[in-house]
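Good morning, and thank you for making time for this item. Please bring the sequence and the structure up on the screen, and I shall take you through selected parts of the fold.

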Amino acid sequence: MKKFLTLALALTTTLASAQTLRVGMAYDAGGKFDKSFNQSAYEGSLKASRTLGVKVNDFEPSDPSQIIQGIRSFANEGFDLTIGVGFANNASISQVAKENPDLYFGLVDDVSPQKNVASLVFAEQEGSYLVGYLAGMNSATGTVGFVGGMDIPLIHKFEAGYTAGVKAANPKARVIAQYVGTTPDAWNNPGKAKEIAASMRAKGADIIFAAAGGSGNGVIDYIKQTQCIKASSTIKFTSNNFAKVPKSVSYQKACAGNTRPMFFIGVDSNQNYLGDFDKRPATLNHGLTSMLKRVDNAVYSLISDVKADRFKGGERRFGLKENGVGYAVDQYNRNLISSAQILKLEAIKARIIKGQIKVPSK
């Protein structure tokens, strides 16, 4: 009887293990804790693990040449779904998917030709338009910046939407755009991004949107060090929207005289909290907002579909209508954005969804 119970328990455990959906996550450069794109994907998989009972394994390559090895390892072990996070994983995901037509794959930020790959792409230009409009309404100098990571069509979508939004809010505004580089190293060069931010501030930019992966931390660090922009013979102020927002002691010391605060705009995940330099949300936050790219929602949706046996390969587009992109308002930036501005942004968002505003993507 004892042997029978032991055998039955072992069989039950084996069957339960066999029925557990296994998901492999292959991350892009920067790793799953980059506070941005990769981390958003990670949070989507974490939610699936927590609420859907799936088992998730992660692979973070230390070198790009390792990506295909990690993806192939998941396939060889029979994982039900393997997701490549980032356009750089396209070749590897497509190759392994071709080798394993009976397995399911996902790809974030690019489109694979393989039928067993769900390609998750986003309308980054739509979310960027909204944060650009917010920048245009709030810039005290009429000059704002855009720092791109790698100079590729994907990031051009961010720049195009942002520029269009800024110009829609303030037709006289100037947008200065510069990219960190033309190779994958551009995603992980905060030093270079910091230099770019400094050059933009010297030209009058008081708000900088960085769509640059880990390099964007250099922009945030620069704004943390400088905090404000000073008036000069070439830099003139046309507004003072944040005069009544309480300032930190550090800000008051560093920014006495005729100055205006500097702001960054976060990207992919909500990075507003990174602008809370004095750890007091009630004082002036230097993160104006964040352009949310809901990779977490897309990843969770795909895992949920596989769990429910309704996987479908091909392109899946996530824009404002699908809650795939947006902007962030929370305890950190609520003092910066008026209710009137939020109403304005929501009206514009509705017009974009209805097709009444056509946002450029290049």
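Predicted model: local features only at pLDDT ≥ 70, side-chain atom pairs only at ≥ 80, totals over all residues.

The buried residues of helix α8 pack against β6 (143-150), α7 (190-202), β8 (207-211), β9 (228-230) and β11 (263-268). Helix α8 itself covers residues 216-226, and its buried residues are Gly216, Gly218, Val219, Ile220, Tyr222, Ile223 and Thr226. Just after α8 comes Gln227, with a positive phi of about 65°.

I turn next to two pairs of helices.

The pair α5 (residues 124-138) and α6 (residues 153-169) have axes that come within 6 Å and cross at roughly 35°. The crossing of α5 past α6 is right-handed. On the α5 side, the contact is made by Glu124, Gln125, Ser128, Tyr129, Val131, Gly132, Tyr133, Ala135, Gly136 and Met137. On the α6 side, the contributors are Leu154, Lys157, Phe158, Gly161, Tyr162, Ala164, Gly165, Val166, Ala168 and Ala169. Sorted by class, this contact of α5 with α6 holds twelve nonpolar, six polar and two charged residues.

In the pair α3 (residues 67-76) and α4 (residues 90-99), the axes come within 9 Å and cross at roughly 30°. How are α3 and α4 oriented to each other, roughly parallel or roughly antiparallel? Angles under 35 degrees count as roughly parallel, and α3 and α4 are therefore roughly parallel to each other. Here, too, α3 passes α4 in a right-handed crossing. From α3, Ile67, Ile68, Ile71, Arg72 and Ala75 meet Ser92, Ile93, Gln95, Val96 and Glu99 of α4. Of the residues in this contact, six are nonpolar, two polar and two charged.

Let us stay with α3 for one further residue, Ser73, which lies in that helix. Is Ser73 buried or partly exposed? Its relative accessibility is 31%, so Ser73 counts as partly exposed. Between Ser73 and Ala173 there are 100 residues in sequence and 51 Å in space, C-alpha to C-alpha.

Finally, the chain as a whole. The protein chain has eleven helices and 14 strands, and 53% of its 362 residues are buried. Along the principal axes, its C-alpha trace spans about 85 × 45 × 40 Å. Of the contacts between residues at least 6 apart in sequence, 73% join residues at least 24 apart.

Notes
Residues numbered from 1 in each chain as written. Heavy atoms only, no water. Buried < 20%, exposed > 50% of the residue type's maximum accessible area, 1.4 Å probe, protein only. Helix = DSSP H or I, 4+ residues; strand = E, 2+ residues; numbered from the N terminus. Contact = heavy atoms within 4.5 Å. Axes fitted to C-alpha atoms, helices over the stretch in contact; angles between N-to-C directions. Parallel < 35°, antiparallel > 145°, perpendicular 65-115°, else oblique. Left-handed = near helix turned anticlockwise from the far one by under 90°. Nonpolar A, V, L, I, M, F, W, Y, C, P; charged D, E, K, R; others polar.
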